[in-house]
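The following exercises are to be worked with the structure in view. Each task is followed by a solution in steps.

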Amino acid sequence: MQLICITKLLAFRKEGCHGSVLRHELGMSKILAFAGSTRSASYNKLLVRIAAEGARAAQADVEVIDLRDFPLPLYDGDLEEKEGLPDAAKKLKARLLEAQGLLISAPEYNSSITGVLKNAIDWASRTETEDEKTLACFQGKAAALLSASPGGFGGMRGLVHLRSILGSIGVIVLPDQISISSAHEAFDSAGQLKNERKRDQVLALGRGLAEFLIKHHG
Ligand SMILES: Cc1cc2nc3c(=O)[nH]c(=O)nc-3n(C[C@H](O)[C@H](O)[C@H](O)COP(=O)(O)O)c2cc1C
């Protein structure tokens with residue numbers, strides 16, 4: 001039994017993050033983590049990395065992606081009809097399909113979510129073929145949400161909208177969420193939260209998602 005597990009672990013290492021069948025056999029949950037910002041110095045990118053660390057500590061297989069690496073045109077029905085889904089949308093959908101969980105740190109723009117994040121969700125919600133299941137990338141996935149903003153509310157108003165959007169496309173959004181206010185002062189030069197209590201809460205949020213997935217996906 002132990003030998004089988006070691007053999008599977010070695011094979012998983014060789015196959016890397018796309019070894020979805022082996023991941024399933026090993027009982028590991030896959031989480032896709034990203035920020036709703038493409039900015040290089042994004043506070044939300046720093047924040048989601050900390051939550052990802054918490055999820056990894058609870059044995060989840062976490063992939064952190066940068067939406068900048070998925071350059072999408074603004075959704076346009078004419079463009080979709082003429083050219084189908086852009087390559088970046090197909091790639092993003094493939095990553096989402098592989099995951100059972102989502103960790104999203106979303107900046108707040110004008111009391112809502114960023115255009116970048118909404119546009120990514122909109123493209124990923126489109127099907128490519130007639131037999132493709134609608135919203136397969138999202139349905140039944142679990143998500144934990146975070147936000148960071150230099151403002152006093154830490155971007156929490158945007159999370160109200162994100163929770164609603166994700167809920168309406170079939171994502172189970174966990175009740176706990178974290179918003180980091182005064183984000184411009186909250187992180188040290190290594191990208192860690194200076195306030196240890198907050199850091200522990202963010203780690204616990206990531207861990208909570210991993211534990212939820214283990215409980216519900218085995
Ligand atoms: C167009 C725009 C609108 C914004 N609106 C809000 C807002 O409503 N509430 C808020 O707390 N911050 C707002 N901000 C500030 C962002 O929270 C800040 O730029 C933050 O650093 C963005 O997240 P990031 O660091 O992950 O890129 C806004 C910024 C921009 C560019």
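**Exercise 1.** In which loop is the place of P107?

*Solution.* P107 is placed in the loop between strand 3 (101–105) and strand 4 (108–109). Helices (H or I, at least four residues) and strands (E, at least two) are DSSP runs, numbered from the N terminus. The model is a predicted one, in which local features need pLDDT of at least 70, side-chain atom pairs count only at pLDDT 80 or more, and totals for chains, interfaces and linings use all residues. Residues are numbered from 1 along each chain as its sequence is written.

Next, consider burial. A residue is buried if 20 or more other C-beta atoms lie within 10 Å of its own, exposed if 12 or fewer, and partly exposed in between, with C-beta atoms placed from the backbone. P107 is buried, because 23 other C-beta atoms lie within 10 Å.

Finally, consider the neighbours. Two residues are in contact if their C-beta atoms, placed from the backbone, lie within 7 Å. Leaving out residues up to four places away in sequence, P107 touches G36, S37, N44, T114, S147, S149, G155 and G158. One of these, G155, is 48 residues from P107 in sequence, yet their C-alpha atoms are 6.0 Å apart in space.

**Exercise 2.** Which residues of helix 5 are buried, and what do they pack against?

*Solution.* The buried residues are A89, L92, K93 and L96 of helix 5. They lie on the same side of helix 5, because they cover an arc of only 100 degrees around the axis; the arc is that of the directions from the helix axis to the C-beta atoms. The face turned away from this buried side carries the exposed residues D87 and A94.

The buried residues of helix 5 pack against strand 1 (30–35) and helix 6 (115–124). Helix 5 and helix 6 pack at an angle of about 80 degrees, their axes being 9 Å apart. Axes are lines fitted to C-alpha atoms, for helices over the stretch in contact, and angles run from 0 to 180 degrees between N-to-C directions. Angles under 35 degrees count as roughly parallel, over 145 as roughly antiparallel, 65 to 115 as roughly perpendicular and the rest as oblique. Helix 5 and helix 6 are therefore roughly perpendicular to each other. A89, L92, K93 and L96 of helix 5 make the contact with A120, W123 and A124 of helix 6.

**Exercise 3.** At what angle do helix 3 and helix 9 pack?

*Solution.* Helix 3 (residues 43–57) and helix 9 (residues 196–217) pack at about 55 degrees, with their axes 7 Å apart. The two helices are therefore oblique to each other. Among the residues that meet are L47, I50 and A51 in helix 3, and V202, L203 and L209 in helix 9.
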